[in-house]
Amino acid sequence: MSLPPSNRPGGGGIQSQPLPPPPGGIVAPAPPQGQVPQGTAVAPGQPAPLPPGPGSPRNAPQPANTAPQPSDEVVVAPSPQRINNPTAVFSGLDKITGRIISFDVAVNETVQFGALQVTPRVCYSRPPTETPNTDAFVEVDEVTLQGEIKRIFTGWMFAASPGLHAVEHPIYDVWVTNCKGGQSPAVADVPPEAPKQPARQQQQQQRRTPPPPPPSAQRPPPPPPPPPSAQRTPPPQQPSLFPFLR
């Protein structure tokens, strides 16, 4: 028995119907798409607000403001200081005997270790207050059996990484370990800063301190005393002719 496609099991389309509201409930009709729901205030001249949703621009994360603010403090890292040392310290290894020898070489001088001639050109180090970093520019020559001098290494050696720029020789190995003889830069003592008082305490102190008195008016100096009046001396008395009458 052949049934039409609509009546075959699984052959018809799937139909969906909205569920009826619960008993006693009031369901408000959904507004059309693009229309503002009732009860939403919209200012005149403003576009209608978009409905909230996962793809709504209103729910999109705002980009963070990474521009520098006036209150931000700009910290500039100081340039690293290096000390120019007059002497470089090397370690030499004899691969046949396994013996390690430490020796000092002055800058621009040559010291021979086995069949190698080591000549440091500069040797830099860092102050004790910074991260240790010792490096040197070295030239290494090999003296062959025929008496010829052959350059086998020219470059920087780092004490923290001896294998970074190593001398390639089948019998001997040389690397820099330290620099010495240099003077570290003098650091001036910074005076301690006075503790800052809050603004309120400063205002209270300014209110409590009375204003300075006005400068007193300068009085003119008193007049000099008058000269002493001339004392009149009485005239000399003439001798009386009748002394008994006195």
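Biologist: Among contacts between residues at least 6 apart in sequence, what share joins residues at least 24 apart?

Modeller: The model is a predicted one. A contact here requires heavy atoms within 4.5 Å. Among the contacts of the protein chain between residues at least 6 apart in sequence, the share that joins residues at least 24 apart is 42%.

Biologist: Which pattern does the protein chain follow along the sequence?

Modeller: The secondary structure of the chain amounts to one helix and eight strands. Read along the sequence, these elements give the pattern β-β-β-β-β-β-β-β-α.

Biologist: What percentage of the residues of the protein chain count as buried?

Modeller: The protein chain exposes about 21500 Å², and carbon and sulfur atoms supply 57% of that area. A residue is classed as buried when its relative accessible area is under 20%. Of the 246 residues in the chain, the proportion that counts as buried is 17%.

Biologist: Which residue of strand 8 stands opposite Gly-92?

Modeller: Strand 2, residues 87–94, pairs with strand 8 in the antiparallel sense over eight bridges. Opposite Gly-92 stands a residue of strand 8, namely Val-174.

Biologist: How far apart are the closest N and O atoms of Lys-180 and Asp-104?

Modeller: Four salt bridges are found in a search of the whole structure, and Lys-180 forms one with Asp-104. This pair links distant parts of the chain, Lys-180 lying in strand 8 (residues 172–180) and Asp-104 in strand 3 (residues 99–106), 76 residues apart. Lys-180 is partly exposed at a relative accessible area of 39%, and Asp-104 is partly exposed at 38%. The closest N and O atoms of the pair are separated by 2.6 Å.

Biologist: Why does the pair of Glu-139 and Arg-121 tie together parts that are apart in sequence, and by how many residues?

Modeller: Glu-139 forms a salt bridge with Arg-121, with 3.0 Å between the closest N and O atoms. Glu-139 belongs to strand 6 (residues 135–143) and Arg-121 to strand 5 (residues 116–125), so the parts tied together are apart in sequence by 18 residues.

Biologist: Is Glu-139 buried or exposed?

Modeller: The cut-off for a buried residue is a relative accessible area under 20%. Glu-139 has a relative accessibility of 14%, so the residue counts as buried.

Biologist: Which residues are linked in a network of salt bridges?

Modeller: The side chains of Glu-139 and Arg-151 also meet in a salt bridge, at 3.5 Å from N to O. That pair joins strand 6 to strand 7 (residues 149–158), the two residues being 12 apart. Arg-151 counts as partly exposed at 43% relative accessibility, as does Arg-121 at 33%. The members of the network are Arg-121, Glu-139, Asp-141 and Arg-151.

Terms used. Residues are numbered from 1 along each chain as its sequence is written. This is a predicted model: local features need pLDDT of at least 70, side-chain atom pairs count only at pLDDT 80 or more; totals for chains, interfaces and linings use all residues. Side-chain values use heavy atoms; hydrogens and water are left out. Helices (H or I, at least four residues) and strands (E, at least two) are DSSP runs, numbered from the N terminus. Buried means under 20% relative accessible area, exposed over 50%, partly exposed in between (1.4 Å probe, protein chains only). Two strands pair if DSSP finds at least two bridges between them. Accessible areas come from the Shrake-Rupley method with a 1.4 Å probe; for residues, only the protein chains shown count as cover.
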